[in-house]
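Hello,

Please find the structure below.

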Amino acid sequence: MKLEPLLDGLSFGEGPRWRDDRLYFSDFYVHQVRTVDESGKAETIVEVPGQPSGLGWRPDGTMLIVSMTDRRLMRFAGGKLTVEAELGAIATGLCNDMIVDARGRAYVGNFGFDRHAGESPRPAVLARIDPDGSVHAAADGLMFPNGTVITPDGRTMIIAETFAKCLTAFDIAADGTLSNRRVWAETPTCNPDGICLDAEGGIWVTGAFTHQMVRVLEGGKVTHALDLGERAAYACMLGGKDRRTLFVITNTGSGPAIADKKAGRIETMRVDVPGAGLP
């Protein structure tokens, strides 16, 4: 199993989402949301001054974009970028990844602390933004909540806790509240970053601070491990027409220090089991 380059020259890619026969993603330090198709043709969709991260869509097709540094959820519709919700009352660090459920509720994570200023890690609160724009605390005590998936039945959310080295699951109620928190899988060999779910219940996990990514099952069994050499993987998505292309965003490091290196890439690999659930 080997990744093949699709697109290079990114500042720092994040939030890959497959939609309309192309991959959407954020490129942090150039403040752009972009797309790339399977041939490698790239396009810039919108510029987000507050640094874009997580991406998602409501059922009506409205695009939502996490704006990191000003801790906002943005709406992009009709060619206009507007503020959907202010998250500063909940987010104690830079906002990062997001998942939007089938009813249009957005769940947005944040760092919980100022990692780049050298602060000690502290737990974060996951924000839930309902379609009416109201903001709620969805879950607390999360150690750097990051990549998130929702199972095909819409009943379970699994979120990567980067600094706890585990994937954590919640039951999702009809009103969007989360309960029955539990460890879905421990990931002792990596600090999980972006994740994606497949049709057999396996989760591909990228590992911030390491040079590998893994596919794990509930309980922690590792079925696949990829050695990325000098690079690290930060986000992934199963897409393509059959959802059997694994898109992986890689770089040589993370944080503002790598902003000007343009060492980010999107790489791909074909897999046997297609993607499932959300995103």
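In the residue classes used below, Ala, Val, Leu, Ile, Met, Phe, Trp, Tyr, Cys and Pro count as nonpolar, Asp, Glu, Lys and Arg as charged, and the others, Gly among them, as polar. By these classes, the lining of the second largest pocket divides into 7 nonpolar, 3 polar and 3 charged residues.

Some conventions before the rest. This is a predicted model, in which local features need pLDDT of at least 70 and side-chain atom pairs count only at pLDDT 80 or more, while totals for chains, interfaces and linings use all residues. Residues are numbered from 1 along each chain as its sequence is written, and side-chain values use heavy atoms, with hydrogens and water left out.

Pockets
Both kinds of space come from a 1 Å grid over the protein atoms alone: a cavity is a set of points where a 1.4 Å probe fits but cannot get out, and a pocket is an open set with protein on both sides within 12 Å along at least five of seven lines. Lining residues have an atom within 4 Å of a point. Grid points are joined across faces, edges and corners, and a volume is the space filled by probe spheres set on the points.

The largest pocket holds about 280 Å³ of space. Its lining has 18 residues, and Arg19, Trp57, Val100, Leu278 and Pro279 lie nearest the centre. Two or more lining residues come from each of E2, strand E6 (52-57), strand E10 (95-100) and E22; strands here are DSSP runs of at least two residues (E), numbered from the N terminus. The class count for this lining is 12 nonpolar, 1 polar and 5 charged.

The second largest pocket has about 160 Å³. Of its 13 lining residues, Asp101, Ala102, Arg103, Arg105 and Gly154 are the closest to its centre.

Cavities
There are 2 cavities of 30 Å³ or more. The largest has a volume of about 200 Å³ and is lined by 20 residues, with Phe12, Phe111, Arg115, Phe144 and Asp193 nearest its centre. That lining consists of 10 nonpolar, 7 polar and 3 charged residues.

The second largest cavity has a volume of about 50 Å³. Among the residues lining this cavity are Arg17, Asp97, Cys236 and Pro279. Strands E2 (13-19), E14 (145-150), E18 (191-197) and E22 (232-239) each give two or more residues to the lining, and E2 has the largest share, with 3 residues. By class, the second largest cavity is lined by 5 nonpolar, 4 polar and 2 charged residues.

Strands and rings
An open sheet of 4 strands runs in the order E1-E24-E23-E22 with antiparallel pairing, where two strands pair if DSSP finds at least two bridges between them. Its edge strands are E1 (4-10) and E22, each pairing on one side only. E1 and E24 (residues 264-270) are joined over 5 bridges in the antiparallel sense, and Glu4 stands opposite Thr268 in E24.

The model has 10 aromatic pairs, taken as rings of Phe, Tyr and Trp (its six-membered ring) with centres within 6.5 Å; planes under 30 degrees apart count as stacked, over 60 as edge-to-face and the rest as tilted. The ring centres of Trp18 and Phe247 are 5.4 Å apart and their planes are at 20 degrees, so this pair is stacked. Trp18 in E2 and Phe247 in strand E23 (residues 245-251) are 229 residues apart, so the pair links distant parts of the chain.

Regards
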